[in-house]
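Subject: Structure handover

Hello,

I am passing a structure on to you. Please open it first, then read the notes below.

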Amino acid sequence: MDTSRHDNKPARPKVAARINEETRVEETELNPPGPAPLCQSLQHGLLELFEQQFVGALLVDREARVQWITARYAALLGLDDPAGALNRPVEDILPHSRMREVVQSGEPIVLDFMNYKQHHFVVSRFPLQDGDGQVVGAFGILLSERWQPLKPLVDKLSQLQETLDRVRRDNAGSRRARYGFDDIIGAGAACRDMQRLGQRAAALDTTVLLLGETGTGKELLANAIHAASPRRQKPFVGLNVAAVPETLLEAEFFGAVAGAYTGAERKGRDGKFKLADGGTLFLDEIGDMSLPMQAKLLRVLQEQEIEPLGSNRLLHIDVRVIAATSRDLRALVDAGLFRADLFYRLNVLPIRLPPLRERSEDLPALVDSLLAQIADRTGLPQRKPGAAALALLAAYPWPGNIRELRNVLEQAVMLSDGVALDAPVLQRILPVAATVDPPPLAGGGTLAQRLAETERRVISETLALAGGNKTEAARALGISRATLYEKLADPRLFPAQTGPSLAGLVR
Ligand SMILES: Nc1ncnc2c1ncn2[C@@H]1O[C@H](COP(=O)(O)OP(=O)(O)OP(=O)(O)O)[C@@H](O)[C@H]1O
């Protein structure tokens, strides 16, 4: 039936449900009299254009009632009679739609995920205004039926969020520690031991050595130790040794006087030791330091004096060092790659942080706490994992530990609506098919996708076998450590960041 509003216009055959004589009556009632009634801005074939260009498109009035929907969208939603959607509240046909929010706030939602039964749609929503700037409705576009093409973007968002959190943390409270022992979740024996030793370290003013795989909470524990120590009113400063090029490390540690360098460093600047004066310096990935730098660090630890680059003056500093590494320092000493005297100097009070796979008893509490943090930050309702989702999480080896768990949960929250956190959503996110019932291998995927899947699985398994130790894993795989880092940072291989995070680079 052609129900075009303009008798002299050609029919628009592809638009299954459009504003017809009946809805025109409604529309006149819904819109204030004025020069721009709802839909006038979409005249002259625009609707057909949307029909052709997008997987789906939809228009609602200011009461969020459907006024127009493309035939393809209606078919995707399984509507037998698309015209039957007209004038119904949008949630009747799309329970998780946020079109009402757009109409009410007048703000667009430029990119979002929306669930519909088993589908994950990528959608955009825009408010429509009349000539007086009044919101008269909203326009929604279904950009893609699949969210996977946007996965690199989702991964990047997670990483950037972590970077932002860390930068905020570093800037907040003039370098004060932001986390305490209360923020360390886990009541299992391994976690209790770690916290008991941490409390002891806080009371003593000695050097502390934190040993654990990436993402096990070394920086969190270092924060907590500082916050519970007599130095708590003084700065807490972090530095990831592995993230700073060797040539810049000395200036990063000890600072440089004006004129010591040309170019950007001409003005001179304070090093991390100076910035941490009176407080705590957290040195992450200490095992990655060159032998000459190790000698310089040892001298500072012994003398509590630094010499900024380009100066011949020694500055006295009072800094407690908390060092951390994911590498086996003793093995590095045996291999002649780490100075024995520095090792003994650092190893006064070693604390081992267990990998997540060794503390499965803490997993439900960790998941709960991380989901609460995500809900707090995003303003979305807190998700609750079902038994199947928890079983799936427990089956995965977590080479990236709690950081990886947090990234996976963040992605799952973005991709699910409602309160339940479903196993199928997690299953799609987890890098290795950590299924309770493994899915059949047969199926789709291009050669490139299937090769990537195999590569991802081999790397994950090797890392898990190597206890998260990247040097050992790289050796077992016959690739350099740098290549392994590159692969771990490749979002096509590892959708949830399991390698060194961007955050590490800004520390
Ligand atoms: N026990 C825990 N309870 C709650 N959150 C935790 C816990 N351990 C770690 N996390 C969270 O996991 C993430 C990674 O922790 P953190 O940066 O401290 O790990 P790390 O061992 O220092 O990692 P890397 O060696 O890669 O720098 C952070 O968001 C941290 O808040």
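Where does Glu285 lie? Glu285 sits in the loop between β8 and α11 (291-303). Helices (H or I, at least four residues) and strands (E, at least two) are DSSP runs, numbered from the N terminus. Phi of Glu285 is near 55°, a positive value in a residue that is not glycine. Glu285 is also buried, because 22 other C-beta atoms lie within 10 Å. Buried here means 20 or more other C-beta atoms within 10 Å of the residue's own; exposed means 12 or fewer, and partly exposed is in between, with C-beta atoms placed from the backbone.

Before going on, two notes on the basis. This is a predicted model, so local features need pLDDT of at least 70, side-chain atom pairs count only at pLDDT 80 or more, and totals for chains, interfaces and linings use all residues. Residues are numbered from 1 along each chain as its sequence is written.

Confidence

pLDDT is the predictor's confidence in each residue, from 0 to 100. The chain averages 79, and 78% of the residues score at least 70. Over residues 433-443 the pLDDT is below 50, and this stretch has 10 contacts in the model beyond near neighbours in sequence. The pLDDT is also below 50 over residues 496-507; that stretch has 42 contacts beyond near neighbours in sequence. Two residues are in contact if their C-beta atoms, placed from the backbone, lie within 7 Å. For the complex, the predictor gives an ipTM of 0.97 and a pTM of 0.59.

The chain overall

The chain has 21 helices and 14 strands. Of its 507 residues, 38% are buried. Take the contacts between residues at least 6 apart in sequence: 68% of them join residues at least 24 apart.

Arg359 is in the loop between β12 (349-352) and α14. With 22 C-beta neighbours inside 10 Å, Arg359 counts as buried. Its contacts, leaving aside neighbours within four places in sequence, are Gly186, Gly188, Ala190, Cys191 and Pro354. Arg359 and Gly186 are 173 residues apart along the chain, yet their C-alpha atoms are separated by 8.4 Å.

The cores

A nonpolar core is a set of buried Ala, Val, Leu, Ile, Met, Phe, Trp, Tyr and Cys residues joined through C-beta atoms within 7 Å. The largest has 43 residues. Leu210, Leu221, Ile225, Leu281, Leu283, Ile322 and Ala323 touch the most other members. Elements that each supply at least two residues include α7 (189-203), β6 (208-211), α8 and β11 (320-325). α8 gives the most, with six residues. A second, separate core has 27 residues, among them Ala64, Val90, Val136 and Leu142.

Leu409 is in helix α16. It is buried, with 25 C-beta neighbours inside 10 Å. Not counting residues up to four places away in sequence, Leu409 touches Val367, Leu370, Leu371 and Ile374.

Leu390 lies in helix α15 (residues 387-395). With 16 C-beta neighbours inside 10 Å, Leu390 counts as partly exposed. Leu390 touches Pro364 and Pro385, again not counting residues up to four places away in sequence.

Asn87 lies in the loop between α3 (71-76) and α4 (90-93). Asn87 has a positive phi of about 70° although it is not a glycine. Asn87 is partly exposed, with 17 C-beta neighbours inside 10 Å.

Best wishes
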